[in-house]
Amino acid sequence: MLLSQLNCYFFLLTVLIFKSLIDAIIIYILYLLGEIMAISQGKSTRSPSGARNVANRGKRKSELGRDPAETRLDEKKLRKIRTRGGNEKLRLATGNKINVTDANGKTQVVDILGVIENTANPNYVRRNIITKGAIVETPEGNAKVTSRPGQDGVINGILI
């Protein structure tokens, strides 16, 4: 009886938060199925041979991860992320400029015309998502991204 009351309260709370009955129903079903989980960067539950490791402790707050930034090609938008100690990290949500360095060491800021290749994920090319190692098209020529836009908040690259 108590468990069913708690589930009803959870459902009503999700309806109030999301203000849409359909969204609340979907979240409630995922909650019941156990599909909503935290992203953890802790130790793997499998050994290198594939055997299951028995955890000797639970997850820690310090091991929490976050969703990938997936920086897209658009007007510049930064997101502030709170990190440990109350510090902030600037996460580049969208960006269209790149600091390009040529072979002589001269750096200039140019526009990004498009994403040509991304070894992180082939689907990132058609979605215009920029990660480290992506090859982008610029007016100066093709450039390889050397920074991590989701971590640094800026896109740096070298001409190739």
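Which loop holds I155? I155 sits in the loop between α4 (149-152) and β10 (156-159); helices (H or I, at least four residues) and strands (E, at least two) are DSSP runs, numbered from the N terminus. The model is predicted, so local features need pLDDT of at least 70 and side-chain atom pairs count only at pLDDT 80 or more, while totals for chains, interfaces and linings use all residues. Residues are numbered from 1 along each chain as its sequence is written, and side-chain values use heavy atoms, with hydrogens and water left out.

**View 1. Surroundings of I155.** I155 has 2% relative accessibility and counts as buried (under 20% relative accessible area; exposed is over 50% and partly exposed in between, with a 1.4 Å probe and protein chains only). Not counting residues up to four places away in sequence, I155 touches L92, K97, I98, N99, I112, I130, V145, S147 and P149, where contact means heavy atoms within 4.5 Å. Between I155 and L92, 63 residues apart along the chain, the C-alpha separation is 8.6 Å.

**View 2. The K97 and D111 salt bridge.** The closest N and O atoms of K97 and D111 are 2.6 Å apart; a salt bridge is a side-chain nitrogen of Lys or Arg within 4 Å of a carboxyl oxygen of Asp or Glu. K97 belongs to strand β4 (residues 97-101) and D111 to strand β5 (residues 107-111), so the pair ties together parts that are 14 residues apart in sequence. K97 is partly exposed at 43% relative accessibility, and D111 is partly exposed with a relative accessible area of 35%.

**View 3. E63 and its partner R57.** E63 is found in the loop between α2 (21-33) and β1 (71-73). A salt bridge joins E63 to R57, with the closest N and O atoms 2.6 Å apart. E63 is buried, at a relative accessible area of 16%, whereas R57 is partly exposed at 42%. Beyond four places in sequence, E63 touches I39, S40, Q41, G42 and R57.

**View 4. The E88 and K80 salt bridge.** The side chains of E88 and K80 meet at 3.8 Å, N to O. E88 is exposed, with a relative accessible area of 54%, and K80 is exposed at 60%. The whole structure contains four salt bridges.

**View 5. R91, buried without a salt bridge.** R91 lies in strand β3 (residues 88-95). The nearest side chain of opposite charge, D67, is 7.8 Å away (Lys and Arg count as positive and Asp and Glu as negative; His and the chain ends are not counted). Among the residues that R91 touches are R66, D67, K77 and Q151.
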